[in-house]
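Here is a short tour of a few side-chain contacts, written to be read with the coordinates open. Please keep your viewer at hand.

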Amino acid sequence: MRHKIIGVDENSICAELGIKPGDILVAINDQPVRDLIDYQYYDAMDELTITIIEKDTDEAVLYEIEKYDYEHLGLKFENDLLTMRSCANKCIFCFVDQLPPNMRKTLYVKDDDWRMSVLFGNYVTLTNVSEREIQRIIDQHISPLYISVHATDVELRRHMLGNPKAQDIMAILRRFAEAEIYFHTQIVLCPEINDGFYLRQTFEDLFTLYPYCQSLAVVPVGLTYHRKKLHKLKKFNSSDAKHIVEEITKWQESCLEFKGSRFIYPSDEFYVQAKLPIPNASEYEDFMQIENGVGMLAKFKQEVLDYIPNMPPWIPDRKVSIATGVSSADFMKEMVDILNEHFPNLTVNIFPITNFFFGESVTVTGLLTGRDIAVQLDGKDVGSEIFICNTMLRGENGKFLDDLSVNDVENWINKKITPIDNLGSAFVQALLGIKEN
C-alpha cells in the first residue's frame, strides 16, 4: 500500500531527513502500512526503517531511523490514512433509523469501525471484524477498545443487532482478556428484551473478564417519534428506572467488595428519570464512561462546588437564562441554587425545552434543535443573555441538528445566545458574567 505524504511537521525527524510533501510512503520495517493504526504502531518504535519514493526522482529510498521515546516521525497523509468502515447491523434500537428525513447527510452515516474505537472512543460491535483483524489487535496490543455488547446471550444479541451472523462476543472478549487487551463495554437497555435475567447474565459474564473488561455502562434506549416500520420498543418509566438503579447499585457493592471497583454504572438518565439523587463524583472512580453519559452530572456538580471559591465575593445585579433539555432542568436548578447561596443578586431563569423535532420522549440537552429553542423562548423574559450547552452544536460551523445556526436563533428571538462548554467552571463563569484572564 502506498500513501501520499501531504505534510511534514517542522523540525521533525522526517523533515531533517529531507522527506517532503508529495513523496510516497511505501513501507515501514518492510511492512505495508494499512492505515493510521499501523502508522502509529510503528511510529512508537525507537528504531525503524521507512521506505519512501521521492517525488522528484521517482526512486525508492530506505531510511534507517533511531529516535527518542515519544519522538514522532511527523508525517501527514491524505484522509489521515482512514476510510470509515460502515455498520453491517440493523439494530432494533438504532437511533440513526429514527432520524427525520432531509437532514445533513453526515447524520445518517452508520459507522462501526474498531479503529475509530481505539482512536476516538467510539463504541463498536465487532461484527464486521475479521479473524485477521482480531489477531492484529492482539499482536499490536491495541487498547483500550470500546465495545457495544448489549447481551452476551448469542441469539439475543443477534436479534438486537439484526445480524444473524454476529459472532459470539464473549469468545472474542475472552481472547482479548487472555492477551491483556483492555476494553470498556456498554449495554443499550431495551425494556422486556435485554433487561431482567439477560441484564444480570451480561453483567456477570463481563465481570469475569475484569480487569481487562474495565467497565460496563448501562444506558436506556432512545426513542423518537420517527420510528416508522421499525421494531416495536417500549421506553422506561420512572418506576422501571428506579428498579434498574437499585439493582445495579447492589451489583456495584458486590463488585467493589470483590475487585475494588464498582465496574457497572447506570447512565445519568436513569437517575434523572427515577428522580434519584446523583451519586458523588468519587463513586465514578476514574469517570471511565463519562462520554457515555455516565457520571457527567456528578463531575459537573463537583466542578461547580470546587470553582465557586475562586470567584469574587460580589457581582452586580444580573439576570440571565439557561435553555436546557427537560431531563436536565432539575439538575440545572440545583446548580443555580448552589450559586445563589453565594450570589443572591443573580437571577437565572431555567427553560426546559420540549423536543418537538425528535419527539417529547427525547429529553436530553444534546439533541435540542434551534427551532425548538427559538419557538419556545420567543417573547419570554430571558434577561440579558441565554446560555446553551455547546453539545447542541455540531460540525465546524457549529449548527444545531436542524441546520439553524446560533446567529439564526438570535435573530429570531432578538436575544444574545452564548454556547458554553460542558464544564462546571465554564458554567459558573458564564452565569456570573466573569471572563477568565
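## Where two helices cross

Please keep in mind that this is a predicted model. Let us begin with helix α11, which spans residues 329-342, and helix α14, which spans residues 424-432. Their axes lie 12 Å apart, and the two helices pack at an angle of about 65°. The crossing of α11 and α14 is right-handed.

Sorted by class, the contact of α11 with α14 holds 7 nonpolar residues, with no polar and no charged ones.

## Aromatic rings: a tilted pair

Aromatic pairs deserve a look too: searching the whole structure turns up 19 of them. A ring pair is described by how far apart the centres are and by the angle between the planes.

One of the pairs is Y182 with Y212. The ring centres are 5.2 Å apart and the planes meet at 45°, so this pair is tilted. The two tyrosines tie together distant parts of the chain, 30 residues apart. Y182 sits in the loop between α6 (169-178) and β7 (183-189), while Y212 sits in the loop between α7 (197-207) and β8 (213-220). As for solvent, Y182 has a relative accessibility of 32% and therefore counts as partly exposed.

How are the rings of F203 and F207 arranged? Their centres are 6.0 Å apart and their planes are at 20°; because planes under 30 degrees apart count as stacked, this pair is stacked. Both residues belong to helix α7, where they are 4 residues apart, about one turn of the helix.

Finally, turn to Q135, found in helix α4 (residues 131-139). With a relative accessible area of 29%, Q135 is partly exposed.

Which side chain does the side chain of Q135 touch in a polar contact? The partner is the side chain of R175, at 3.3 Å. Q135 and R175 are 40 residues apart along the chain, and their C-alpha atoms are separated by 9.4 Å.

Terms used: Residues numbered from 1 in each chain as written. Predicted model: local features only at pLDDT ≥ 70, side-chain atom pairs only at ≥ 80, totals over all residues. Heavy atoms only, no water. Axes fitted to C-alpha atoms, helices over the stretch in contact; angles between N-to-C directions. Left-handed = near helix turned anticlockwise from the far one by under 90°. Nonpolar A, V, L, I, M, F, W, Y, C, P; charged D, E, K, R; others polar. Phe/Tyr/Trp six-rings, centres within 6.5 Å; stacked < 30°, edge-to-face > 60°. Buried < 20%, exposed > 50% of the residue type's maximum accessible area, 1.4 Å probe, protein only. Polar contact = N/O pair within 3.5 Å; in protein donor to acceptor, adjacent residues only side chain to side chain.
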